[in-house]
Amino acid sequence: MFSFCSDPATLDGIAWYLCYLTTGKHMAFYVSFGTVLLLLAITAPAAMAFGFGGAMAARSRIPPVSWLGKGYIAIVRGVPDIAFFLFFVIALDQAFEWTRHQVLCPDWDQPVRQGNDFVVCDAAKLPLGNAPQWVHELYGFGVAVLTFAIVFGAFAANVLYGAMRAVPRAQIETAEAYGLTRRQAFRRIVVPQMWVYALPGLSNLWMVLIKATPLLFLLGIEDIVFWARELGGAKTPRFTDYPHGDWRVWYFLALLVFYLVFTRVSEIVLDRVMARLSRGQATAAGEAQRKAA
């Protein structure tokens with residue numbers, strides 16, 4: 001914060017705005033943009049891992065494994081995202097605490113479910129009651145990332161499953177005729193070629209994931225939506241000393257610009273990746289490249 005901000009009553013114009021936009025609360029608002037980017041950086045590869053595992057399970061020749069993979073895809077795709085986000089955060093948190101409760105408190109003689117309450121011993125709580133605030137925030141962020149990965153992993157699994165099946169069967173049969181096992185053919189033929197078929201669907205999924213990041217606000221994480229509402233409001237339960245009226249429209253306008261710029265940059269990068277993957281492929285994009293050359 002600037003040194004001349006010690007006496008706000010003497011400020012006006014640009015100096016007032018400089019002081020206002022560099023307060024501690026606004027610094028937390030700026031940091032929350034990094035929280036969103038960090039969520040995307042962790043969730044995207046984690047969702048891909050869930051997706052690849054789900055797709056592999058769905059195409060398995062072992063019926064129970066195939067049912068598990070297809071069931072994972074169907075259940076998550078068939079339920080509204082917000083319901084799953086709110087369900088998984090509670091379910092995962094209680095599952096972790098119940099597991100710890102069984103290990104750390106074997107002598108507990110009371111039921112864990114007491115009416116509408118979920119009660120475990122103090123040693124099993126996550127985080128522990130005496131843990132610092134940053135541990136609570138990190139744990140909440142971790143559960144949110146895992147929830148995002150599970151939900152979007154199901155959509156990625158559906159995309160990858162379709163991409164695996166789109167690879168021409170003749171190429172796989174040719175590889176097997178040359179002595180490759182089914183596993184080798186999958187690793188050397190299917191996996192390298194499936195990405196050109198998967199990328200359009202994964203690109204759409206990436207855009208949806210970007211637009212879903214405001215759900216962090218519903219999960220109790222102080223993200224950009226939380227701070228835009230708090231800082232833009234004239235009076236809120238947490239802060240009541242704002243020197244302005246209702247400015248939420250300006251804060252949410254800043255979020256709109258941020259998401260538009262971010263999605264546009266993503267489109268440019270994904271288009272270049274798609275052009276690179278299509279080179280030499282027997283697809284419409286690859287044929288267009290050959291004709292242009």
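Guide: Let's begin with a rule: a disulfide is a pair of cysteine sulfur atoms within 2.5 Å. Keep in mind as well that this is a predicted model.

Visitor: By this rule, what does the count of disulfides come to?
Guide: A disulfide is a covalent bond between the sulfur atoms of two cysteines. Here C105 and C121 are joined, with 1.8 Å from S to S, and that falls within the 2.5 Å of the rule. The count comes to one disulfide.

Visitor: Which parts of the chain does the pair link, and how many residues apart are they?
Guide: C105 sits in the loop between α4 (81-104) and β1 (113-114). C121 is in the loop between β2 (117-118) and α5 (133-166). The pair therefore links distant parts of the chain, and the two cysteines are 16 residues apart.

Visitor: What is the handedness of the disulfide, going by the torsion about the S-S bond?
Guide: Look at the bond between C105 and C121, where the torsion is about 75 degrees. That value makes the disulfide right-handed.

Visitor: How confident is the predictor in the chain, as a mean pLDDT?
Guide: The scale of pLDDT goes from 0 to 100. Of the chain's residues, 86% reach 70 or more. The mean pLDDT of the chain is 80.

Visitor: Which element has the lowest mean pLDDT?
Guide: Among the elements of the chain, α2 has the highest mean, at 89. Where pLDDT is low, the predicted coordinates should not be read in detail. The lowest mean is 50, and it belongs to helix α10 (residues 284-292).

Visitor: Now the rings. How many aromatic pairs are there?
Guide: Rings of Phe, Tyr and Trp pair if their centres lie within 6.5 Å. By this rule the count comes to eleven aromatic pairs.

Visitor: Are the rings of F33 and F258 stacked or edge-to-face?
Guide: Their centres are 4.9 Å apart. Planes over 60 degrees apart count as edge-to-face, and these planes are at 85 degrees. So the pair is edge-to-face.

Visitor: How many residues apart in sequence are the parts that this pair ties together?
Guide: F33 lies in helix α2 (residues 24-58), while F258 lies in helix α9. F33 is buried at 17% relative accessible area, and F258 counts as buried too, at 18%. The parts tied together are 225 residues apart in sequence.

Visitor: Which residues do ring pairs link into a cluster?
Guide: F33 and F258 turn up again here. The cluster is made of F29, Y30, F33, W206, Y251, F258, Y259 and F262.

Visitor: What about charges: how many salt bridges are there?
Guide: Side chains of opposite charge can pair when their charged atoms come close. One of the salt bridges is D122 with K125, the closest N and O atoms being 3.4 Å apart. By the rule of 4 Å between such atoms, the count comes to five salt bridges.

Visitor: Is E230 buried or exposed?
Guide: E230 and R229 meet in a salt bridge at 2.9 Å, N to O. R229 counts as partly exposed at 37% relative accessibility. With a relative accessible area of 3%, E230 is buried.

Visitor: What separates E267 and R264 along the helix?
Guide: Their side chains meet in a salt bridge at 3.0 Å, N to O. The two are three residues apart in helix α9, so what separates them is about one helical turn.

Definitions and conventions. Residues numbered from 1 in each chain as written. Heavy atoms only, no water. Helix = DSSP H or I, 4+ residues; strand = E, 2+ residues; numbered from the N terminus. Phe/Tyr/Trp six-rings, centres within 6.5 Å; stacked < 30°, edge-to-face > 60°. Buried < 20%, exposed > 50% of the residue type's maximum accessible area, 1.4 Å probe, protein only.
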